Amino acid sequence: MTLKRNLFLAGAIVVASAGFAQAEMVATAINDLNVRAGPGPQYPSIAIATRGSQAMLDGCVQGSRWCRVNVNGVHGWVYAQYLQVEQAGNRVIVEQHQADLGVPVVTYETTSSIAPADPAPGDELLGPVGSVEAISPPETVTTYVQTNPAHTVRLRGDVVVGAAVPEDVTFQEIPDYQYRYVRINDRPVLVDPGTRRIVYVYN
């Protein structure tokens, strides 16, 4: 983690607007998600924010879905659509309510070259995140996944529960189980074959 954090600190400067002086905003991760070194899927992952974990929201890039957060002392960037905050007793998605929440605007400037993360920017993109029912696979399924490694598929975007898998990706059947198995960016995932959405991600 130290090496990853050093890479991030050497590669970026974050500048906040005047509105940043307001009280810190606490956000909650609605899915497991990658915390990246910069505002984009081409930047390397420096940490994982697990579903339900809290993050201090520094601010978001204007006109972008990317926001800068502090998760357990690690500063990085995540999609605003994966963050929710409380507003008047209701939980709302940051991406849809940046203006009325008063989220500060931050900018990102690269100060040194950062090697793009796998997959390459030209690779196919995971679809938008949708609502799915969370599952907990039985031990027999986990054993099958561990003993039947699949060829990895490279896709851009965060590998999280709810993300849609492109139509040309082939799933592997699991005996006597309703969900399918595929390895995306070296992470085994379970997918609902009907909706093609990820329902479980193995860490």
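Let me begin with the contacts, meaning heavy atoms within 4.5 Å: of those in the protein with a separation of 6 or more, 65% are accounted for by residues 24 or more positions apart. What you see is a predicted model, in which local features need pLDDT of at least 70 and side-chain atom pairs count only at pLDDT 80 or more, while totals for chains, interfaces and linings use all residues. Residues are numbered from 1 along each chain as its sequence is written, and side-chain values use heavy atoms, with hydrogens and water left out.

The secondary structure comes to 3 helices and 15 strands, where helices (H or I, at least four residues) and strands (E, at least two) are DSSP runs, numbered from the N terminus. Of the 203 residues, 47% count as buried; buried means under 20% relative accessible area, exposed means over 50%, and partly exposed is in between, with a 1.4 Å probe and protein chains only.

Let us turn to strand β5, residues 54-60. Because 5 of its 7 residues are buried, β5 is largely enclosed by the rest of the structure. Strands pair if DSSP finds at least two bridges between them, and β5 is joined by 4 bridges to strand β2 (residues 25-29), the two running antiparallel, with Ala-27 standing opposite Ala-55. Another 4 bridges join β5 to strand β6 (residues 66-71), again antiparallel, and here Met-56 has Asn-70 as its bridge partner. The hairpin of β5 and β6 has 5 residues between the strands, and in this hairpin Gly-63 takes a positive phi near 75°.

What lies in the loop between β4 (45-49) and β5? Ser-53 is found there, and this residue is buried, with a relative accessible area of 18%. A polar atom of the Ser-53 side chain lies 2.6 Å from the backbone oxygen of Thr-50, and, leaving aside neighbours within four places in sequence, Ser-53 is in contact with Ala-27, Thr-28 and Ala-29.

Finally, consider helix α3, residues 139-147, in which Val-141, Thr-142, Tyr-144 and Val-145 are buried. Seen down the axis of α3, the buried residues fall within an arc of 160°, so they line one face of the helix; the arc is that of the directions from the helix axis to the C-beta atoms. Those buried residues pack against β12 (172-173), β13 (180-184) and β14 (187-192), whereas on the other side of α3, Glu-139, Thr-140, Gln-146 and Thr-147 are exposed.

Technical notes: A polar contact is a pair of N or O atoms within 3.5 Å; within protein, one must be able to donate a hydrogen and the other to accept it, and residues adjacent in sequence count only if both atoms are side-chain atoms.
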